[in-house]
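Student: I have a new structure to look at and would like to learn how to read it. Could you walk me through it, feature by feature?

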Amino acid sequence: MTVLRDEVVPIQSSEDIVMVRQKVREWAIQSGFSLVDQTKIVTAASELARNALQYGKGGEARLEALNDGARRGLRLTFEDRGPGIPDMQLALRDGYSTGGGLGLGLSGAKRLSNEFALESEPGRGTRVMIARWK
Amino acid sequence: MERIPILKMGDCLLVTIQVDMHDRLAMTLQDDLTTRVVETRARGVLIDISALDIVDSFIGRMLGYIAAMARVLDAKTVLVGMQPSVAITLVELGLELPGVNTALNVERGMELIKSAIADGSKPSRNGSGKRRA
């Protein structure tokens, strides 16, 4: 698998969440994603960018355009240096939220992606990776 | 400050969301709409989201709050013009917009509000003019 290109977008304000959405949309179009697939990955990116801002007190999103020979894809990695997630099972449950939201951010982003990985260390931060293939 | 315009059409308020809203703008819209419902004594709120290419859980929650606030102020909210790709994504995300009425386009949304207002103004036995569930 080769990374065709990558870019890092900072997430420090609610305007940055809009910027992440726009960049991901642009990249999804360039990767040849259908409108539904574009919408899914942009929505997932919006959820994870907001999590990084709200729970992680800001962070960054890394966008990578992938090619594994037969197909093209997008990988997005959201990283923050916030308090981390003490119970990842619980954080992935629909409707569970510590921030007054609907509790759909992580679980919803997982459903909207083909690949999902969550790493978190209490006190150190959280990293969420999603990928979607064309 | 950046704001989303709210138009008055007879008994209704019409909002057309045409920008990619950041979270603060969405919160401002929620406050502005609630204030305008009271000021104009509107009976219906029509929100046109045909220009929105995503609805995430934050925007979804805001739409649900608007509908709930309008309801306690005796106004019916109808969300119109959702793009098919947005509808597919919303359901997969797990967002079902409980309590929010939807219609395919502005015309049908307006009909829905008109019939709700007509139903609500009929006299009824409990005197509130509203049907009980």
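**Reading the model, feature by feature**

Tutor: Gladly! Keep in mind that this is a predicted model. Let us begin with the core. Among the 61 residues of the largest nonpolar core, those that touch the most other members are Val24(A), Ala45(A), Ala49(A), Val45(B) and Ile47(B). The element that gives the most to this core is H2(A), with eight residues.

Student: What is the general idea behind a core like that?

Tutor: In soluble globular proteins, nonpolar side chains tend to be buried together. For a case in this structure, take one of the residues just named.

Student: Then which residues does Val45(B) touch, not counting residues up to four places away in sequence?

Tutor: With those left out, Val45(B) touches Cys12(B), Leu13(B), Leu33(B), Val37(B), Ile66(B), Ala70(B), Ala75(B) and Thr77(B).

Student: Two of those make me curious about the helices of chain B. How do H1(B) and H2(B) pack?

Tutor: Helix H1 (residues 23-40) and helix H2 (residues 57-72) of chain B pack at an angle of about 10 degrees, and their axes are 10 Å apart. Angles under 35 degrees count as roughly parallel, so H1(B) is roughly parallel to H2(B). On the H1(B) side, the contact is made by Asp23(B), Ala26(B), Gln30(B), Leu33(B), Thr34(B) and Val37(B). From H2(B) come Phe58(B), Ile59(B), Met62(B), Tyr65(B), Ile66(B), Met69(B) and Ala70(B). Sorted by class, the residues of this contact are ten nonpolar, two polar and one charged.

Student: Now the meeting of the chains. How many residues of chain A are in contact with chain B?

Tutor: In general, the size of an interface is often given as the accessible area lost when the parts come together. Here we can count residues instead: 24 residues of chain A are in contact with 18 residues of chain B. On the chain A side, helix H1 (14-30), helix H2 (35-54) and helix H4 (105-111) each supply at least two residues. H2(A) gives the most to that side, with nine residues. That side has eight nonpolar, nine polar and seven charged residues.

Student: Where does H2(A) meet H3(B), and at what angle do their axes cross?

Tutor: The axes of H2(A) and helix H3 (residues 84-93) of chain B come within 9 Å and cross at roughly 45 degrees. That angle is why H2(A) counts as oblique to H3(B). The crossing is right-handed. Leu35(A), Val36(A), Thr39(A), Lys40(A) and Thr43(A) in H2(A) meet Ser85(B), Val86(B), Ile88(B), Thr89(B), Glu92(B) and Leu93(B) in H3(B). This contact has five nonpolar, four polar and two charged residues.

Student: How do I read a single residue? Is Ala91(A) buried or exposed?

Tutor: Count the C-beta neighbours. Ala91(A), in helix H3 (residues 88-91) of chain A, counts as buried because it has 20 C-beta neighbours inside 10 Å. Beyond four places in sequence, Ala91(A) touches Ile85(A), Tyr96(A) and Leu106(A). Its C-alpha atom is separated by 9.4 Å from that of Gly105(A), 14 residues apart along the chain.

How values were computed:
Residues are numbered from 1 along each chain as its sequence is written. Chains are lettered from A and ligands numbered from 1 in the order in which they are written. This is a predicted model: local features need pLDDT of at least 70, side-chain atom pairs count only at pLDDT 80 or more; totals for chains, interfaces and linings use all residues. Two residues are in contact if their C-beta atoms, placed from the backbone, lie within 7 Å. Helices (H or I, at least four residues) and strands (E, at least two) are DSSP runs, numbered from the N terminus. Ala, Val, Leu, Ile, Met, Phe, Trp, Tyr, Cys and Pro count as nonpolar, Asp, Glu, Lys and Arg as charged, and the others, Gly among them, as polar. A nonpolar core is a set of buried Ala, Val, Leu, Ile, Met, Phe, Trp, Tyr and Cys residues joined through C-beta atoms within 7 Å. A residue is buried if 20 or more other C-beta atoms lie within 10 Å of its own, exposed if 12 or fewer, and partly exposed in between; C-beta atoms are placed from the backbone. Axes are lines fitted to C-alpha atoms, for helices over the stretch in contact, and angles run from 0 to 180 degrees between N-to-C directions. Angles under 35 degrees count as roughly parallel, over 145 as roughly antiparallel, 65 to 115 as roughly perpendicular and the rest as oblique. A crossing is left-handed if the near helix is turned anticlockwise from the far one by less than a right angle, and right-handed if clockwise.
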